[in-house]
Amino acid sequence: MTAADETLTRPGRLTGRPGTLLPGRHPATLARAVLVAFVLINVVVVEALFVTSDVASKHVLIDVGKFFGLHVALVMIFQLLLVARLPWLDRRIGMDRLTAWHRWVGFTLLWTLILHVTFIVLGYARRYATPVPRQVVSLAGSFPVLLGMAALAVIVVVAGLSVRYARRRLQYETWHALHLALYLAVTLALVHQMFEVSTFTSSALATAYWWSLWAFAGLALLGGRVVLPLWRNARHRLRVAAVVPESDTVVSVHLRGRHLDRMPARAGQFFVWRFLSAGRWWQANPFSLSAAPDGRSLRLTAKAVGSGSAGLRHVPVGTRVFAEGPYGAFTALQRVTDATLLIAGGVGVTPIRALLEELDGSVVVLYRVPTRADAVLLAELEALARMRGARLHVLTGRTGAGSPPNTPFAPENLHALVPDITGRDVYVCGPPAMTDAVLRSLRALRVPRRQVHAERFSLAG
Ligand SMILES: Cc1cc2nc3c(=O)[nH]c(=O)nc-3n(C[C@H](O)[C@H](O)[C@H](O)COP(=O)(O)OP(=O)(O)OC[C@H]3O[C@@H](n4cnc5c(N)ncnc54)[C@H](O)[C@@H]3O)c2cc1C
């Protein structure tokens with residue numbers, strides 16, 4: 001952790017007054033500004049290279065097509081950065097938000113590509129006065145163009161499968177494996193760009209620029225997705241130390257490893273865990289830390305949802321674990337006041353429990369469960385709340401039931417429970433319907449947006 005991070009983590013010590021706005025820029029603002037600057041600067045460079053190069057064919061449709069083609073390359077490079085899982089970006093923006101941007105940038109890529117192809121085909125068809133289908137066949141006769149067409153086909157198929165309707169019908173692992181085909185599409189597109197008439201080869205400066213940009217994106221991806229996880233796992237050598245049932249459906253897995261005091265994990269973050277035992281090494285699932293990392297051990301707590309989470313109960317002690325992470329911006333780094341409201345629903349208590357351990361200043365915890373018997377980790381929360389002088393409310397019942405209806409997160413009820421809510425950072429993690437209800441109420445109560453932090457337990461959109 002850097003000195004700057006440390007200052008932001010311990011804001012209570014800076015001001016000492018609950019609800020006081022902390023000085024300094026919000027970490028997500030800086031990271032967003034860096035990304036926007038990266039895009040804008042490169043758009044300007046790409047367009048300047050295009051205008052000053054001699055790639056123009058003097059045929060307007062073809063030139064517009066080439067112009068879009070260069071932007072396709074730029075969008076692809078930006079996509080690679082968004083999925084590179086660079087710790088600096090991830091800690092500030094969060095993987096959920098980066099993944100949501102990746103999704104929208106993906107559709108932007110598709111449409112830019114369609115415009116590129118449409119203008120090129122129409123342009124050449126018009127220039128040589130050939131029907132469009134014959135022109136397509138003629139263009140495919142050039143090997144670099146054929147590679148570009150193959151990239152287009154892969155991108156169209158993956159984009160089709162990423163539309164929510166199709167995505168929901170595919171198993172996560174299937175969708176993810178198909179998504180990996182996009183790396184092939186990127187490679188094909190790079191070769192296409194190198195050998196087609198583009199600004200890639202229009203001057204030594206342009207060639208150096210494009211190679212630097214592609215190399216930067218490639219190295220970021222390789223570093224974030226391959227080298228860093230391999231290095232961290234070789235260093236920490238995680239193993240299952242204990243498997244502790246918390247209820248009939250929830251289990252905690254304790255892990256030990258080497259040099260865990262050097263692992264830059266924080267309360268509220270998650271890892272993508274792969275347990276290397278027979279029959280399940282191929283499955284990787286994201287789970288939050290359910291205790292703040294103490295430098296000696298890590299713990300996750302998982303509810304049985306499908307085969308991956310249900311099987312955790314049977315993972316043998318001693319099993320080697322490959323963990324990618326830590327990821328996520330649901331941490332104290334995002335805090336802008338020195339008073340906090342933590343809201344958990346069901347198994348969403350896991351990162352909330354870890355955050356309660358780490359946060360100082362005034363803390364209120366709301367824990368929503370059907371009955372107290374369903375409240376996993378409750379004894380730990382109560383002990384921590386006592387130790388930290390935090391206020392803990394367990395909110396039981398079925399939403400909407402009874403008279404008046406049980407709606408603890410309706411704006412007036414939330415305000416009654418936490419009257420100084422607008423002066424607090426609010427962290428919420430629970431089932432989607434509950435999280436949405438809380439976020440709606442926070443908007444109604446005019447809690448500033450930058451004080452609101454949500455972990456949705458979902459990445460794939
Ligand atoms: C950031 C994050 C933190 C989470 N923390 C916790 C936690 O602390 N405790 C807890 O009980 N649950 C947590 N979850 C939810 C947990 O990951 C899923 O319940 C679990 O992966 C389900 O896997 P399964 O094989 O049992 O079920 P499946 O039926 O195979 O999967 C159910 C759904 O889980 C999601 N999923 C599965 N694998 C992955 C993956 N590798 N990456 C992204 N999504 C995946 C998919 O949406 C999938 O459709 C978290 C999820 C996320 C994204």
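How many salt bridges does the rule find across the interface of domain 2 and domain 3? The legends below take that up, working on a predicted model.

**View 1. Where domain 2 meets domain 3.** On the domain 2 side, 16 residues make contact, and they touch 14 residues of domain 3. Together the two domains bury about 1,200 Å² between them, with carbon and sulfur atoms giving 59% of that area.

**View 2. Salt bridges and polar contacts across the interface.** Back to the opening question: the rule picks out 2 salt bridges between domain 2 and domain 3. A close-up on E358 and R266 shows their side chains paired in a salt bridge, at 3.2 Å from N to O. As for polar contacts, 4 residue pairs turn up between domain 2 and domain 3, counting pairs with both residues at pLDDT 80 or more.

**View 3. The face that domain 2 turns to domain 3.** Two strands, β2 (250–256) and β5 (297–303), are the elements giving two or more residues to this side of domain 2. The largest share comes from β5, which puts in 3 residues.

Definitions and conventions. Residues numbered from 1 in each chain as written. Predicted model: local features only at pLDDT ≥ 70, side-chain atom pairs only at ≥ 80, totals over all residues. Heavy atoms only, no water. Contact = heavy atoms within 4.5 Å. Buried area = accessible area lost by both parts, 1.4 Å probe. Salt bridge = Lys/Arg side-chain N within 4 Å of Asp/Glu carboxyl O. Polar contact = N/O pair within 3.5 Å; in protein donor to acceptor, adjacent residues only side chain to side chain. Helix = DSSP H or I, 4+ residues; strand = E, 2+ residues; numbered from the N terminus.
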